[in-house]
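Me: I'd like to go through this model with you, starting with the strands and then moving on to a helix and some rings. Here it is.

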Amino acid sequence: RRPVAETKKANYRGASIDIGTMNLVSARRTSKGVETRRIRDAFLDLDPGAEKMLKLSGVSYVQRGDELLILGDAALDMANVFGRPIRRPLSAGLLAAGEIDALEVLGLLVKNVLGDPVEPGEACYFSVPAAPVDSPEMDVIYHRGVLERIVSECGYTATPSNEAMAIVFAETAQDGFSGLGLSYGSGMTNCALSINTIEGMTFSVARGGDWLDAGAAKAVGSTSARMCALKEKGIDLIHPKGREEEALALYYRSLIEYSLDHITNQFQRVKGQLSLPKPIPIVISGGTSLAGGFKEFFEQVFEKKRKRFPIEVSEIRQAKDPLNAVAQGLLLQAMQEYSDD
């Protein structure tokens with residue numbers, strides 16, 4: 001028989017990390033269940049003269065050469081103090097091409113939220129977007145390769161996995177892991193169709209929370225930062241108040257219509273290769289789906305397109321934990337690496 005300690009260790013092997021434009025979320029199984037950790041995917045650089053103030057305030061920072069780097073949520077707070085724009089390693093769902101410090105900072109953020117493996121080479125699944133059908137020039141291959149290197153350098157055996165498929169894994173066990181996963185993120189919206197765990201169709205569109213913030217802001221003469229703050233403070237999409245919230249609601253509608261139209265177009269390309277024996281659920285998730293009334297709002301938009309929608313839908317439901325659903329689905333896949341041990 002296997003020693004008790006060894007069995008216990010085996011049960012808790014496997015880790016995951018969802019690397020998004022707005023947040024990084026890791027997940028791991030422990031004796032208390034699945035535990036997640038989150039850090040904002042942002043940073044701020046300051047000159048060494050700010051070190052005394054940072055120590056006084058208790059804000060953690062990283063010293064790099066002749067500058068200080070503040071990571072995560074604290075960077076947002078300090079950006080307001082210093083009147084500086086926040087910097088982000090990812091833009092529109094992929095590595096920010098114009099951000100020269102993106103790779104190094106992203107490595108620090110991943111290490112911070114993922115931690116050390118429980119054993120050398122522990123399996124870790126990390127999220128990657130599908131290639132955007134509306135922006136073919138966007139380089140998903142480079143993005144995936146760099147993330148794989150970063151996670152590997154943390155001591156893990158890194159495996160990429162589609163983020164929308166991860167939502168299906170996290171939310172459709174009762175449906176035999178069949179469903180249409182929609183991940184409304186900050187940089188992109190990802191879609192995956194799964195039939196009994198088999199990936200039938202995956203793609204993304206290069207529109208998400210950042211796109212609707214920018215569009216709504218331009219429409220009413222405001223700023224993207226204010227629109228983002230309004231969303232996070234709490235907006236009711238069914239009953240928006242004022243011009244700004246109404247603009248956000250209109251752009252939310254446009255984003256949902258845009259993603260549903262692309263599902264229709266993409267499914268027409270593969271329908272001859274797929275057989276859907278019964279209606280499947282649509283599962284909506286992602287940080288952009290946290291707006292108040294999003295599920296009901298999505299249903300209203302979908303009902304107007306249902307007759308022409310090429311997939312029979314059993315129900316529309318929202319992930320139980322939209323911010324963490326991708327990490328949880330990735331963790332299920334990582335844990336399967338040890339199912340035969």
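Me: Which residue is the bridge partner of F126 in β10?
Reply: In β10 the bridge partner of F126 is P160. This is a predicted model, in which local features need pLDDT of at least 70 and side-chain atom pairs count only at pLDDT 80 or more, while totals for chains, interfaces and linings use all residues. Residues are numbered from 1 along each chain as its sequence is written, and side-chain values use heavy atoms, with hydrogens and water left out.

Me: How many bridges join β9 to β10?
Reply: There are 7 bridges between β9 and β10 (residues 156–162), and the two run parallel; strands pair if DSSP finds at least two bridges between them. From β9 the chain crosses through helix α5 (residues 140–153) to β10 in a right-handed β-α-β crossover, right-handed meaning that, with the strands pointing away from the viewer, the path from the first strand over the helix to the second runs clockwise. Helices (H or I, at least four residues) and strands (E, at least two) are DSSP runs, numbered from the N terminus.

Me: How many residues of β9 are buried?
Reply: In β9 (residues 122–128), 7 of 7 residues are buried, where buried means under 20% relative accessible area, exposed over 50% and partly exposed in between, with a 1.4 Å probe and protein chains only. E122, C124, F126 and V128 point one way, and A123, Y125 and S127 the other.

Me: Switching to α8, which residues are buried there?
Reply: The buried residues of α8 (residues 224–234) are M227, C228, L230 and K231. Seen down the axis of α8, they fall within an arc of 155° (taken from the directions from the helix axis to the C-beta atoms), so they line one face of the helix. On the other side, A225, E232 and K233 are exposed.

Me: What do the buried ones pack against?
Reply: They pack against α7 (209–220) and α9 (242–270), with contact meaning heavy atoms within 4.5 Å.

Me: Now the rings: how many aromatic pairs are there?
Reply: The count comes to 7 aromatic pairs, where rings of Phe, Tyr and Trp (its six-membered ring) pair if their centres lie within 6.5 Å, and planes under 30 degrees apart count as stacked, over 60 as edge-to-face and the rest as tilted. One of them is Y184 with F298, edge-to-face at 6.4 Å centre to centre and 70° between the planes, and both residues are buried.
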